[in-house]
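Subject: Structure handover

Hello,

Here is the structure for your files. My notes on its charged pairs and nonpolar cores follow below it.

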Amino acid sequence: MVKDASRHKVAISYEGRIKGGEVFDRRDDNDPYEVIIGSAFVMKPIEEALAEMQPGETRTIEIACEDAYGPHDERRVKIIPAVQIAGSKDLAAGDSVMWRAPGETKGRPAKIIDRNDYSLQVDLNHPLAGKDLVYEVKLLEVLR
């Protein structure tokens with residue numbers, strides 16, 4: 001792109017998928033994503049590739065789970081009282097909810113793993129934790 005690409009704003013299209021599997025995110029040329037290089041808008045390996053790319057160039061970027069959302073952490077699998085989640089009677093394994101621990105102001109996504117009448121086993125890891133990712137990224141243009 002240029003000698004010092006940091007702080008440049010660029011427009012990209014991309015497809016993100018789990019290595020060897022499903023697509024989890026996509027932005028096409030008609031709906032580009034704008035990124036300021038060096039501002040952590042995207043994962044570091046993508047920023048590094050963008051800094052070297054020319055407009056119109058496409059690259060495949062493989063990102064190990066450690067450099068993406070981290071490994072799956074079993075310590076983030078919790079059992080919580082069902083009363084802490086509104087509507088818990090209607091939830092089943094595989095459902096996702098926003099959960100806020102007592103005393104917290106922000107909710108966080110939680111995936112229901114198992115349940116009984118009194119408690120829910122939830123996974124508080126990012127849904128892509130433990131997964132190696134592959135991004136197909138196209139640099140559409142340098143905006144500034």
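Glu 15, Arg 17 and Arg 26 are joined in a network of salt bridges, a salt bridge being a side-chain nitrogen of Lys or Arg within 4 Å of a carboxyl oxygen of Asp or Glu. The structure has ten salt bridges. This is a predicted model, in which local features need pLDDT of at least 70 and side-chain atom pairs count only at pLDDT 80 or more, while totals for chains, interfaces and linings use all residues. Residues are numbered from 1 along each chain as its sequence is written, and side-chain values use heavy atoms, with hydrogens and water left out.

Other salt bridges include the following.

- Lys 9 and Glu 34 meet through their side chains at 3.1 Å, N to O. Lys 9 is in strand β1 and Glu 34 in strand β3 (residues 33-36), so the pair ties together parts 25 residues apart in sequence. Helices (H or I, at least four residues) and strands (E, at least two) are DSSP runs, numbered from the N terminus. Lys 9 is partly exposed, at 25% relative accessibility, and Glu 34 is partly exposed at 39%. The classes are buried under 20% relative accessible area, exposed over 50% and partly exposed in between (1.4 Å probe, protein chains only).
- Lys 19 pairs with Glu 62, with 3.1 Å between the closest N and O atoms. Lys 19 sits in the loop between β1 and β2 (23-27) and Glu 62 in strand β4, so this pair ties together parts 43 residues apart in sequence. Lys 19 is partly exposed at 48%; Glu 62 is exposed at 53%.
- Asp 73 and Arg 75 meet at 3.0 Å, N to O, and Arg 75 is exposed at 64% relative accessibility.

Glu 47, in helix α1, is buried yet has no salt bridge. The nearest side chain of opposite charge, Lys 44, is 7.4 Å away (Lys and Arg count as positive, Asp and Glu as negative; His and chain ends are not counted). A polar atom of the Glu 47 side chain lies 3.0 Å from the backbone nitrogen of Ala 40.

The largest nonpolar core has 19 residues; such a core is a set of buried Ala, Val, Leu, Ile, Met, Phe, Trp, Tyr and Cys residues joined through side-chain atoms within 4.5 Å. Elements giving two or more residues to this core are β1 (9-18), α1 (44-52), β4 (58-63) and β9 (133-142). Apart from it lies another core of eleven residues, among them Ile 85 and Val 122.

Regards

Note on methods. Polar contact = N/O pair within 3.5 Å; in protein donor to acceptor, adjacent residues only side chain to side chain.
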